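Have a look at the view below, then follow the points one at a time.

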Amino acid sequence: PALPAPDVAAVAAVHRTALSQGAPGALTRIDEGPRSYRVATGEADTAAHTPMDTGRRFRVGSVSKTFTSVVLLQLVAEGKVDLDAPANRYLPEPLPDERITVRHLLSHRSGLYDYTNDMFYNTVPGFEAVRNKVFSYQELIDLSTARPLNNTPGAAYSYSNTNFVALGAIVEHVTGTPVATHYQERIFTPLRLKHTSYVHPRTTISGSYARGYLRQDDTTLPLVDSTEQTVSWAQSAGAVISNAKDLNRFFSALLSGKLLPEEQLREMTTMVPVTADGKQSYGLGLRGRTLSCGTTVYGHTGTVQGYYTYAFTTSDGRRSMASLANTSNNGTVNTTLGATLDASFCGTDPA
Ligand SMILES: CC1(C)S[C@@H]2[C@H](NC(=O)CCCC[C@H](NC(=O)C[NH3+])C(=O)[O-])C(=O)N2[C@H]1C(=O)[O-]
């Protein structure tokens, strides 16, 4: 059945609410075949008072995990990696539990502790301590394995950046090629994602971009401009830079079968509920959300210092939406921004 037309006025209202809650700016772009709907609100740069526009690039955070999952699943299709083999078969140094499989990493069921819980316990000091640091994959994995597993491998869903750092290490160890090359040759170039890049450990964003503003734990203090950073604390778990048009093209291509063979796309989109109401689910590097109108959309969310992202598409990839608010450490804004999904795919304000 055809989806109702996007409610662009409702998208604009969501943006205005996000700004009232502390976001300097917001943008949403919806693409459906040749049609696009664009809404930009507030400022991309609060010092220069530059207006936000929907073409601006931004750090996508954990939306990067879906790019990493596509690379990994292409390697599975090429027979280079077995989803249900122990991850240790493909790693230079072993994880502490042989039972952790590649599939456990992709579905956040390994139990590996998320080192960012400690790294960013104090938001701004934690960020300032790492914003110019360069980590190896192994250093990040070691931070995680210094703590016990959250759960027996496979026994529970427990989201952890460590999983997608380990997957980046697997890609590089198995192929001898950096993840940046795989992203470029397997995804960015074939899909003509001209505004998408992986430039770790460079700290600057090229072209036209939105600056990001991190809210302090003492919310009475001013926002911190967090735009320039290596994102080395995340790498294959969060360091991709893109824009709304490219994210829409990526998720549309993915769900319409242009990036993975049918078998691997079926594995990726085999979703497991992760909330009690069953409205949120996780597959392999892919989030599912069932909206107020009953439509389920597939994509990922992202939180990186100064940037909240939602990037989702319909099960057939016909309609895609990407939304950004250029602030973070502000859960109210993050929740508010999520209402662009209902406005974009259900055509109504959320009930
Ligand atoms: C599961 C998430 C939400 S967290 C995970 C990843 N982002 C991070 O792990 C960064 C966490 C610290 C970010 C920082 N917060 C603090 O420092 C709080 N003390 C801020 O808000 O900028 C990402 O992206 N994922 C999101 C996702 O997948 O949606």
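1. Let's start in a loop: P201 sits between α8 (179-188) and β5 (213-214). Helices (H or I, at least four residues) and strands (E, at least two) are DSSP runs, numbered from the N terminus. The bond to look for here is the cis peptide bond that joins H200 and P201, with omega at about 10 degrees.

2. A word on what you are viewing. This is a predicted model, in which local features need pLDDT of at least 70, side-chain atom pairs count only at pLDDT 80 or more, and totals for chains, interfaces and linings use all residues. Residues are numbered from 1 along each chain as its sequence is written, and side-chain values use heavy atoms, with hydrogens and water left out.

3. Now for two backbone angles. Most residues other than glycine have a negative phi, and most peptide bonds are trans. H49 has a positive phi, near 55 degrees, and lies in the loop between β2 (35-45) and β3 (50-51). V231 also has a positive phi, near 55 degrees; its place is the loop between β6 and β7 (241-242).

4. Are these two residues buried or exposed? Buried means under 20% relative accessible area, exposed over 50%, and partly exposed in between (1.4 Å probe, protein chains only). H49 is exposed because its relative accessible area is 54%, while V231, at 1%, is buried.

5. Please look at D225 in strand β6 (residues 224-225). With a relative accessible area of 27%, D225 is partly exposed. Contact means heavy atoms within 4.5 Å; apart from neighbours within four places in sequence, D225 is in contact with R131, R211, G212 and Y213. D225 and A47 are 178 residues apart in sequence, yet their C-alpha atoms are 9.8 Å apart in space.

6. After α2 comes G79, with a positive phi near 75 degrees.

7. Finally, step back to the whole chain. Its secondary structure comes to 12 helices and 14 strands. Of its 351 residues, 57% count as buried. Along the principal axes, the C-alpha trace spans about 50 × 50 × 40 Å. Among contacts between residues at least 6 apart in sequence, 68% join residues at least 24 apart.
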